[in-house]
Amino acid sequence: MLQAIILVVAQTIVLLAVSPFLVGLIRKVKARLQLRRGASVLQPYADLAKLFRKQPVVSTTTSWIFTATPYIVFASTLAAGLLVPIFVSRTPLDFAGNIIAVVYLLALGTFFLMLAGLDAGSPFGGMGSSREAIVASLTEPAMILSIFAIALTKGSTNLSTIVHKTALLEGIAMDPSPYLMALAALLIVALAETGRVPVDNPATHLELTMIHEAMVLEYSGRYLALIEWAAGLKLAVFLSLIANVFAPWGIATTLAPTAMGIGLLAYLLKVSGLAVLIGILESMFAKLRLFRVTELLGVAFILALLGLLFFYILRS
Amino acid sequence: MIEVVVLLIAPLLAGGLSLVIHRSALLHAINLTSMSLLVTAEIMITRTVLRDGPFTALRQLVYLDALSVFILFIIGAVGLACSFYMRSYMDEQVARGVIAPGRLNMFFFLFHMFLLAMVIATIANSIGVQWVAIEATTLTTTFLIAFWRRRESLEAGWKYLILCSVGISLALFGVVLTYYSSLHVLGDVSEALNVTQLLPVADRLNPHVLKLAFIFILVGYGTKVGLVPMHSWLPDAYTEAPAPVAAMLAGVLEIVAVYAILRMRMIVDHALSPAFTGGLLTLLGFASFVTAAFFILIQHNYKRLFAYSSIEHMGIAMIGFGIGGPLGTFGGLLHLLNHAFAKSMAFFAAGNIHRRFHTVEIGQVHGLAIAQPWTAMALMIAGLALSALPPFASFVSEMQVVSALSAEGVPGQRLTNSSGMVTLALSGQFSSLGLTGLFLLCAIVAFSGLLYRITGMVWGIPPEGIVRGESWTLGHLPIIVLAAALVGFGFFLPQFLRQLLEQATKILLLR
Amino acid sequence: MPEGIRTLVFLMALIGFGTKAGIVPLHVWLPYAHPSAPSHISALMSGVMIKTAIYALVRVYFDFLGGQFPWWWGFIVLVIGAVSALLGVMYALMEHDLKSLLAYHSVENIGIILLGIGAGMIFQTYGLTEFAALGLLAGLYHTINHAMFKALLFLGAGSLLYATHTRNMEEYGGLLRRMPWTGAFFLIGAVSISALPPTNGFVSEWLVFQSLFLSFHLPAVLLKFMLPLAAAMLALTSVLALTCFAKAFGVSFLALPRSSHARQAEEVPITMRIAMGLLAVVCVLLGLAPMVVVPMLDRVVAPFAGLSIEGKMLALDGWALAPVNVEFSSLSTPVLALLLVALSMLGLGLVAAFGGLVKQRYYKTWGCGINLTPRMEYTATGFVQPIKRIFGAIYQPTVKLETELLEESLYFAKRRHFEFHIEPVFQKYFYDPVVACFIGMAERLRVIQRGSLHLYLAYIFVTLIVLLLFAV
Amino acid sequence: MQISSHIGSQLVDLCSALLLLTCFAIVAQRRLSACVDLFALQSAFLVLTAALVAFLTGNHHIYIAAGLTGLIKVIIIPRVLKKVIERLNVKRELVMNVNVPAGLLICGALVMLAFFITQPILPLGFLLTRDSLAIAFAIVLIGFFTMIARQKAVSQMVGFLVMENGLFLGATAATYGMPLIVELGVFFDVLIAVLIAGIYTNRLQDAFDSADTSHLTVLKE
């Protein structure tokens, strides 16, 4: 029991530490591709520290929901993170929930974020929430189906079991096409959910393009810090999901300290690799018009569905 | 046998007296006393019949068994309700000058003669006398219908007279043919038409003649019942007649005509299998039920709405009798009772509405719940009972008819005529399921038509200029008693009524 | 019973009780009936009345028909469930009358219940009784949950109606500050109906998801593919429900009041609050303590499925809920709740550690330089306008905009009237034709009563002749 | 004096044939007063037939019935109808639902139908009056048809009375007269029916100032 608690604490610390680094890395890659030096990778840490100390300004029209949302969003995203195996394949909290629990925990965060957006009463917040509604409603089915397509190969939707089995290469050996389709679907979903370029532009505050930023426009001080950190965490969760479910090489399948060390190292490498990939993707694509995003997410859903179909056809 | 004598003398005496007396209070008193005498006589007869079976009286002229006593019970109950209702209704009509004071006693005289004719028709032993009595009912009621002396009521009265007289004279030909067939078996004896003589010997009568006779009687009395091809006089007559008369017509006269058909059917069923008569009754029953259900959908006059609902419920009862079997027959008989109560309550409510709103258009009547709370309650209960919803007894009877229909299917295996020209096969499992489907569909159509209109009238705000609120008068007593009876019978049938119905069913099923 | 009659019984029961339950093609009465009743009555209607139909359906299918039925029965129930769920929530999104929004959500939740029962029936057909019991149990669990949170929401809507005398969400706004208790309870209801983790809606929807995901045990390939598709539709439904209730709660309770009614709204008397409070507590408990509810439901389901799956459902001595085999997946809401609380404490800790609780300053919201008026807020219609565009094919929206320009200028309008309607598809293309056909038949039948005495005599004459010729 | 039964049945058949003839005449007649006279003639033949049957079979109660018919249908009812015609001063049946030639053709068909239907039950009847039952049924049908074909209230009443005559002939032919009570009841009812019809035509005349029943179509569906 004690060991489980230590592991959970360790995973929390890793996640908290890694997430700002990832955001910084993506910004660095984008800057480099635009032939700029760009801020250092550790800049997000500085921003967070600064924000925590600044005095938050809260608008008069808001209610207690506005001030409570940062904590709820932070907690729910982190909880989703804890359910995903990071450096050890058997996470202690695997009994607490499976892929649907992860998805719905993230949805809890989105729900309160949308409420906070509306609370300030400004049109920006309302617009952000309403757009976030579309993005969330189209990504969720695709996400559940893509992970389920993989879960089928392992006969279980419990993330730890999936990762454990793929790590030990036990599951049904089969050709890679369902994997590829599910991976593509999950990648698109990740881009949409974390508000990266093709769907939403995190860098600007131009009301035409921002979705996630619009909802948090009114936040400042420590609340903004928590929200930013939660956004980073969400990015970390998605990247670790992609990394570990599709490529769990090097993850520790036993609780030996050395295995875990290697697992952690492998995890950091994979996640930062993915972050670089996202940076490159963001520089390649321009932001899609809002009602074109639905087609992109429709593609993601179809890919997940095909993954499922191929799994059944090839297997039987 | 004093009760039988009282049964006949009371209306006769009341009729005679009301010819002479002109003061309305006295007329009402006579009416109430004669009616209560009639009811007490009936109760005593019921007890004797239940105790020691059917009996004849007045030198074979009168024959009383469970079936005829059941019909008498309905006549008594609805008659009493009408007399109470008439108390306030008639005075108000005279007060408003619709009826000249001088003609009030004519109304009562005709009313009593009408009652006498119906009583004779029920207790008569000879079907010839029964025919004469039913013809007498037509003659007495034709003026009751045209009592308001408006052009439409004159037209309605004339149509009622012509159509019913023609119909009933066809029935006379049926009686002649029955007498023709019974002559060869019983010999030229004046009692050859008596039911007591005919039943024991019925299986030896010539089947072919009886077939012809039954068709004539069915078409003849069917006109009085208002079965579909012969129903056209009914909506006009019930709309133009004053409310209590309409209640009596719809509640009781139809049932006496049904009783006459059932009597004849008992004789014919001895000679040939019940399939022949069952098939015919179900055919006409379904025709009436389907047509009336669709007519109810498009009615704009609430009295006409209840008239078509009478045709529909008579159709249901006919289907019940046509299918036969203990369930169907019991259901049919119970349905007659429920319909009598519900329909008379409906017409009382219609009368009250007419007195307050002075219109028969459904469109112009709304906000009844505020204007006349008691009448609104009566109308709603009547509507629910007429669409056979659960708490009411009509649900029980209609459910029995439907389950009989789906369980046993239609007995009329083959309605081939002698030369085999046309066969009308109604048998087979799927036909009964199909018919049940049709039955339920029409029940829904009628239900929606009726309830849509009634809720339209009850809810809403009354048009301005309509007095609001309703004082409780004697006229409301029958409404409450009938409503209580309808709901009460839904839960438990009183002992005497249950026995009565069971014996009547046994008689009808010739067991 | 012969096979033909069994199918007839199945279809008739489905149509009959389906109308009562409000499944999609037969749901048209629900959005009219529930909102017009007083709120506590509509709470009863939504919470309990439509469940009687579910009870009757289960009784007829699993008890009277003995639980053996062809596979396509379960499939039909599943399809109806999925379609009801999706269309229910879609129409709910377009509502700006709070109580008809909730009524449409009843249609959606009935769809989810039927998904569970449909999956149960399919498993029953192929003899996988364990999974059948799980499907049925999921459906019944959601029935209880829906009864609780829908009643809570209707009572909440009732309190709003009590305070502001209107049901139109556009006239609400900022009620959380004036009616904190109602707001809090409504929020709990909204969170549980959107099936967010620690609440009861999530547990039952999770169970329905699991019963749908277990489809790979089924032999038929078509079903193996259709059930996950139904799961995807369920996912879409629940996230749309989340949007709908974000709109409902956000537009009604947050930001500035948009009408004088909303400005003078007062908190409802204590008794109403207690009622809502109780229901809220029950909702949370039902979410946190499935290990209490599952055994009870198992005793209900056991006779139908023929075996008790309680043992298999509760792993780790009751802490985790597992769909028959733990290895497949498991959920433990108490642990999740604890985790959430602990992590938000962590958040507070981080805030205290890094920056200390600096006193916050209050200032008006940024409105591009002009001070914000309630008219600039996002309304319910605005919030769902993008979704209306995306799912336009289903809604076929019609928009009417009349602008009355000022005399002197072409650009400045004196008055603008905006009106948008979505096509009442079922009303227009299914019910109106049926009614018109019946009225048409009646109109044609009307001709036989033309009033002429001779015609009536001819009827009797012809009847007599026909009967004499054909029936003798 | 005894006439052989063969001649008797021929005589009865002759009278029934005459009755049928008068029926056809009524259908063909346009003038109302002529119709009433023809009806009186038909009733006279009816009385003759009844008396003949009573004489041949020795059933004396038929005499009473014949006497009553004579009194009511030959004397009282025609006079009542004549008075009604004068009061309404309507002479001819101008517009007919079914014109005369078509009417006659239909009556012919009705007679054939009557014979076809009563064909199986005739052998049961008494030798003397075997055929007149079919004729009686034919007269009933023709009476019914006249009520449908003619529009004036008076001619409808005549049609109704022709039906009654058919029934009375049927009763005497099939069963040598109904039991007395029934016979009396039938007469009483027919008399009352005609009286009431007369009152009605007067009131209709005042209300609609025409006794043409085709105007009575206010009450619809």
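The legends below describe close-up views of a predicted model.

**View 1. The contact between chain A and chain C.**
Of the 4 pairs of chains that touch, chains A and C have the most contacts. On chain A, 68 residues take part, and they meet 68 residues of chain C. Seven stretches of chain A are to be found here, each giving two or more residues to the side that touches chain C: α2 (43-53), β1 (57-59), α3 (64-83), α4 (99-119), α5 (123-154), α9 (221-246) and α11 (290-315). Helix α5(A) supplies the largest share, 16 residues. Sorted by class, this side of chain A has 41 nonpolar, 21 polar and 6 charged residues. Two other chains are not touched by chain A: the nearest C-alpha atoms of chain A and chain B are 41 Å apart, and those of chain A and chain D are 57 Å apart.

**View 2. A strand pairing across the A and C chains.**
Strand β1(A) pairs with strand β3 (residues 361-363) of chain C. The two strands run in the parallel sense, and 3 bridges join them. At A:Val57, the bridge partner in β3(C) is C:Arg361.

**View 3. Strands β4 and β5 of chain C.**
The domain assignment divides chain C into domain 1 (3-339), domain 2 (391-423) and domain 3 (426-471). The centres of domain 1 and domain 2 of chain C, taken over C-alpha atoms, are separated by 37 Å. Strand β4 (residues 397-405) of chain C runs antiparallel to β5(C), with 9 bridges between them. C:Leu401 has C:Phe418 of β5(C) as its bridge partner. Is strand β5 (residues 413-422) of chain C buried or in the open? The number of buried residues among its 10 is 0, so β5(C) lies largely in the open. In a regular strand, side chains alternate between the two faces of the sheet.

**View 4. The contact between chain D and chain C.**
Here 13 residues of chain D meet 11 residues of chain C. Helix α5 (residues 130-149) of chain D gives the most to the side of chain D that touches chain C, with 3 residues. That side of chain D has 7 nonpolar, 4 polar and 2 charged residues.

**View 5. Helices α2 and α6 of chain D.**
Two packed helices are described by the angle between their axes and the distance between the axes. For helix α2 (residues 32-57) and helix α6 (residues 153-175) of chain D, the axes come within 11 Å and cross at roughly 10 degrees. An angle under 35 degrees counts as roughly parallel, so α2(D) is roughly parallel to α6(D). Residues of α2(D) in this contact include D:Leu32, D:Val36, D:Phe39, D:Leu46 and D:Val53. From α6(D) come, among them, D:Val154, D:Leu161, D:Asn165, D:Phe168 and D:Thr172. The contact of α2(D) with α6(D) has 13 nonpolar, 6 polar and no charged residues.

D:Val74 sits in helix α3 (residues 61-88) of chain D. Why is D:Val74 partly exposed? It has 19 other C-beta atoms within 10 Å, and a residue is buried if 20 or more lie within that distance. Beyond its neighbours within four places in sequence, D:Val74 is in contact with D:Ala40, D:Ser43, D:Ala44 and D:Val47. D:Phe45 is 29 residues from D:Val74 in sequence, and their C-alpha atoms are 9.8 Å apart in space.

**View 6. Helices α1 and α2 of chain B.**
The axes of helix α1 (residues 2-20) and helix α2 (residues 24-52) of chain B come within 8 Å and cross at roughly 170 degrees. The two helices are therefore roughly antiparallel to each other. On α1(B), the contact is made by residues including B:Glu3, B:Val6, B:Leu7, B:Ala10 and B:Leu17. On α2(B), B:Leu27, B:Ile30, B:Asn31, B:Leu38 and B:Ile45 are among them. By class, the contact of α1(B) with α2(B) divides into 14 nonpolar, 3 polar and 1 charged.

**View 7. Two loop residues of chain B with positive phi.**
B:Gln60 is not a glycine, although its phi is positive, about 65 degrees. This residue lies in the loop between β1 (55-57) and β2 (62-64) of chain B. B:Gln60 counts as partly exposed, with 14 C-beta neighbours inside 10 Å. B:His358, also not a glycine, has a positive phi of about 55 degrees. Its place is in the loop between α13 (325-357) and α14 (368-371) of chain B. B:His358 has 10 C-beta neighbours inside 10 Å and so counts as exposed.

Notes:
Residues are numbered from 1 along each chain as its sequence is written. Chains are lettered from A and ligands numbered from 1 in the order in which they are written. This is a predicted model: local features need pLDDT of at least 70, side-chain atom pairs count only at pLDDT 80 or more; totals for chains, interfaces and linings use all residues. Two residues are in contact if their C-beta atoms, placed from the backbone, lie within 7 Å. Helices (H or I, at least four residues) and strands (E, at least two) are DSSP runs, numbered from the N terminus. Ala, Val, Leu, Ile, Met, Phe, Trp, Tyr, Cys and Pro count as nonpolar, Asp, Glu, Lys and Arg as charged, and the others, Gly among them, as polar. Two strands pair if DSSP finds at least two bridges between them. A residue is buried if 20 or more other C-beta atoms lie within 10 Å of its own, exposed if 12 or fewer, and partly exposed in between; C-beta atoms are placed from the backbone. Axes are lines fitted to C-alpha atoms, for helices over the stretch in contact, and angles run from 0 to 180 degrees between N-to-C directions. Angles under 35 degrees count as roughly parallel, over 145 as roughly antiparallel, 65 to 115 as roughly perpendicular and the rest as oblique. Domain bounds come from an automatic or database domain assignment.
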